[in-house]
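Subject: Structure handover, ligand site and pockets

Hello,

Here is the structure for your files. My notes on the ligand site and the pockets follow below it.

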Amino acid sequence: MGTEYTTTEIKQKYDDSASRYAFTEPVQELLGVKRLRRRLVGQASGRVLEVACGTGANFPYYPPDCEITAVDLSSEMIDIAKQRAEKQGLDIEFRRMDAEALAFPDDRFDTVVSTLTLCTFPDPVGALREMQRVMKPDGRILLVEHGRSDNRLVAWFQDVRADAHAQQLGCHWNREPLELVTEGGLSPVATRRTFLGIFHEIEAK
Ligand SMILES: C[S@@+](CC[C@H](N)C(=O)[O-])C[C@H]1O[C@@H](n2cnc3c(N)ncnc32)[C@H](O)[C@@H]1O
């Protein structure tokens, strides 16, 4: 196992880099992430919790009748997300919160959305268990994630560079999202892999 970062260290990394984070979006678009966001987030309905919303890159894709609560560890990321929501005329409730200890009662949300986060949470399985706890029994968890490629050469490179990559934003790019989802006690009902098997769209119950 490579270097792990604490929740405090992760918060610091995102607070420090929040103003530059939006610059990653054109790169994500090139990798097809925007399309995945649109497709998955467009399926959200009812009372929605977005976990680790970052700067709000998913906000344009929610259907208009969703009642959205968005949480993140980093107040700086939330500040940018708030500005984005305001610009888009979206009424979103923001809370600064640790995904691994969600301050919501059980069975509260119809849909839980989280994107590009399992790579960063210090305890991704703990965070998935929390998402499941706050989701209604007939609710859905919608994830866009990235992880270890199913191409051996790319996976080798990711393994070799894992520590160096994680130093930047605490992102462990060789985690296995599908394994984490199963470990978290969730059942994937629909999954799709794209871009050298790196990106995953996951709908879980
Ligand atoms: C790679 S960014 C992804 C942001 C956004 N979800 C997106 O798709 O662009 C990871 C986000 O997770 C947040 N984060 C990391 N650990 C967290 C935790 N334990 N609880 C809540 N948010 C966390 C970071 O502050 C950051 O905003």
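How much space lies in the largest pocket? About 930 Å³ of space lies there, where a volume is the space filled by probe spheres set on grid points joined across faces, edges and corners. A pocket is an open set of points on a 1 Å grid over the protein atoms alone, where a 1.4 Å probe fits, with protein on both sides within 12 Å along at least five of seven lines; its lining residues have an atom within 4 Å of a point.

This is a predicted model, in which local features need pLDDT of at least 70 and side-chain atom pairs count only at pLDDT 80 or more, while totals for chains, interfaces and linings use all residues. Residues are numbered from 1 along each chain as its sequence is written, and side-chain values use heavy atoms, with hydrogens and water left out.

Largest pocket

The ligand takes up the space of the largest pocket; a molecule sits in a pocket if more than half of its atoms lie within 2 Å of its grid points. The lining has 46 residues, and Tyr14, Tyr21, Leu116, His146 and Cys171 lie nearest the centre. By class, 25 of the lining residues are nonpolar, 15 polar and six charged (Ala, Val, Leu, Ile, Met, Phe, Trp, Tyr, Cys and Pro count as nonpolar, Asp, Glu, Lys and Arg as charged, and the others, Gly among them, as polar). Helix H6 (152-169) gives the largest share of this lining, with six residues. Helices (H or I, at least four residues) and strands (E, at least two) are DSSP runs numbered from the N terminus.

Ligand

The ligand is surrounded by 19 residues, the closest being Arg37, Ala52, Asp72, Ala99 and Thr115; near means a heavy atom within 4 Å. Of this shell, 11 residues are nonpolar, five polar and three charged. Helix H1 (residues 7-21) supplies the largest share of the shell, three residues.

A ligand nitrogen atom lies 2.7 Å from a backbone N or O atom of Ala52. In the side chain of Asp98, an N or O atom is 2.9 Å from a nitrogen atom of the ligand. For Thr115, a side-chain N or O atom is 2.5 Å from a ligand oxygen atom. These are polar contacts (pairs of N or O atoms within 3.5 Å; within protein, one must be able to donate a hydrogen and the other to accept it, and residues adjacent in sequence count only if both atoms are side-chain atoms).

Second largest pocket

Its volume is about 160 Å³. The lining includes Arg47, Glu67 and Phe104.

Regards
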